[in-house]
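Work through the exercises below with the sequence and the 3D view open. Try each task before reading its solution.

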Amino acid sequence: GAHTIGRANGLPITEDLFRFSNSYYKNLLAFCNGMRMENLGVLNSDIALLDFRETRSLIELYARDEITFFKEFAESYQKLSYLGQTIV
């Protein structure tokens, strides 16, 4: 989720730095399928995620289904925010 906004190698990761969306996943798949996007930043560590079946399937899912991406991001963010906390 962090790469849905921000920069990589001095270039924006997505076309709109101020819109939280699934475009990072769409761009990553397009880049790895041969589309060169000189105006967007891509990290080698992002490209490596496509080498593994489990992470590639998530990237493909999030690229085609923004609602699922939002839902799973929210669930993960909530779990991370509660780490080390005692829920009363």
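**Exercise 1.** Find how many cavities of 30 Å³ or more the structure holds, and list the residues that line the largest cavity.

Solution. The structure holds 1 cavity of 30 Å³ or more. A cavity is a set of points, on a 1 Å grid over the protein atoms alone, where a 1.4 Å probe fits but cannot get out, and lining residues have an atom within 4 Å of a point. Volume is the space filled by probe spheres set on the points, which are joined across faces, edges and corners. The largest cavity has about 50 Å³ of space. Its lining consists of Ile 13, Tyr 24, Asn 27, Leu 28, Gly 41, Val 42, Leu 43 and Asp 46. Helix H1 gives the largest share of this lining, 3 residues.

The model is predicted: local features need pLDDT of at least 70 and side-chain atom pairs pLDDT 80 or more, while totals for chains, interfaces and linings use all residues. Residues are numbered from 1 along each chain as its sequence is written, and side-chain values use heavy atoms, without hydrogens and water.

**Exercise 2.** Explain why helix H1 is largely enclosed by the rest of the structure.

Solution. Helices are DSSP runs (H or I, at least four residues), numbered from the N terminus. Buried means under 20% relative accessible area (1.4 Å probe, protein chains only). The buried residues are Ser 23, Tyr 24, Tyr 25, Asn 27, Leu 28, Leu 29 and Phe 31. They pack against H2 (44-48), H3 (53-64) and H4 (66-81), where contact means heavy atoms within 4.5 Å.

Technical notes: Buried means under 20% relative accessible area, exposed over 50%, partly exposed in between (1.4 Å probe, protein chains only). Helices (H or I, at least four residues) and strands (E, at least two) are DSSP runs, numbered from the N terminus. On a 1 Å grid over the protein atoms alone, a cavity is a set of points where a 1.4 Å probe fits but cannot get out, and a pocket is an open set with protein on both sides within 12 Å along at least five of seven lines; lining residues have an atom within 4 Å of a point.
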